[in-house]
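Thanks for coming, everyone; I would like to walk through one model with you this morning. Please have a look at the sequence and the structure before I go on.

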Amino acid sequence: MTDIEIAKRNLEGHSICLCKNGEFFTDDGRGISPMMRFIAQGLDLDGYSAADVIVGKAAAMLFVKAKIASVYGVVMSKSAAEFLEKNNTPFSYKELTGKIINRRGDGVCPMEQTVENIDDCDAAYNALREKMKIIKK
């Protein structure tokens, strides 16, 4: 079984599952918070495969920044798929959608809005970090 298959199999009940060489771990944080935390902690995720419940462009950019080897999204936005493809990161999804909607269901996810016009992963990470600080206030 491949790492992405193991990650997909163990995603149920969690928000994200990362796997490398058959070893996996999960996290239950909301949205992009697990990946933001992993990157801030300096976790070496190079070569891991990631299965995530929702993959928008913000998450896709964090996966590329962390050098994730392949990505699966239960729901994936078209902009995420385009970004992953442009960055030669293999991906698959259960459902492809035009936009990732916010938690209230009345507009686009604020993290997606934050990276909409950004193409650099480091710039996206910094912009997302600032946006999360504002949202937490």
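This is a predicted model: local features need pLDDT of at least 70, side-chain atom pairs count only at pLDDT 80 or more; totals for chains, interfaces and linings use all residues.

Just after helix H3, Lys67 takes a positive phi of about 65 degrees, where helices (H or I, at least four residues) and strands (E, at least two) are DSSP runs, numbered from the N terminus. Residues are numbered from 1 along each chain as its sequence is written, and side-chain values use heavy atoms, with hydrogens and water left out.

Staying with H3, 8 of its 9 residues are buried, so the helix is largely enclosed by the rest of the structure; buried here means under 20% relative accessible area, with exposed being over 50% and partly exposed in between, for a 1.4 Å probe and protein chains only. The buried residues of H3 include Lys57 as well as Met61, Leu62 and Phe63.

How does H3 lie against helix H2? The axes of H2 (residues 33-40) and H3 come within 10 Å and cross at roughly 25 degrees, the axes being lines fitted to C-alpha atoms, for helices over the stretch in contact, and angles running from 0 to 180 degrees between N-to-C directions. That makes H2 roughly parallel to H3, since angles under 35 degrees count as roughly parallel, over 145 as roughly antiparallel, 65 to 115 as roughly perpendicular and the rest as oblique. The crossing of the two helices is left-handed, in the sense that the near helix is turned anticlockwise from the far one by less than a right angle, with clockwise giving a right-handed crossing.

Let me turn to the strands on either side of H3. Strands E3 (residues 49-55) and E4 run parallel and are joined by 6 bridges, two strands being counted as paired if DSSP finds at least two bridges between them. From E3 the chain passes through H3 (residues 57-65) to E4 in a right-handed β-α-β crossover, meaning that, with the strands pointing away from the viewer, the path from the first strand over the helix to the second runs clockwise. Within this pairing, Ile54 has Val75 of E4 as its bridge partner. Strand E4 (residues 70-77) is itself mostly covered, with 6 of its 8 residues buried.

On to strand E5 (residues 91-97), which pairs with E4 in the parallel sense over 6 bridges, and here Tyr72 stands opposite Ser92. E4, helix H4 (residues 78-86) and E5 likewise make a right-handed β-α-β unit.

Leu18 stands opposite Phe25 in E2, and its bridge partner in E3 is Ala50.

Finally, the cysteines: the structure holds 0 disulfides, a disulfide being a pair of cysteine sulfur atoms within 2.5 Å. The sulfur of Cys17 is 6.5 Å from the closest cysteine sulfur, in Cys19, which is too far for a bond, and Cys17 counts as buried at 0% relative accessibility.
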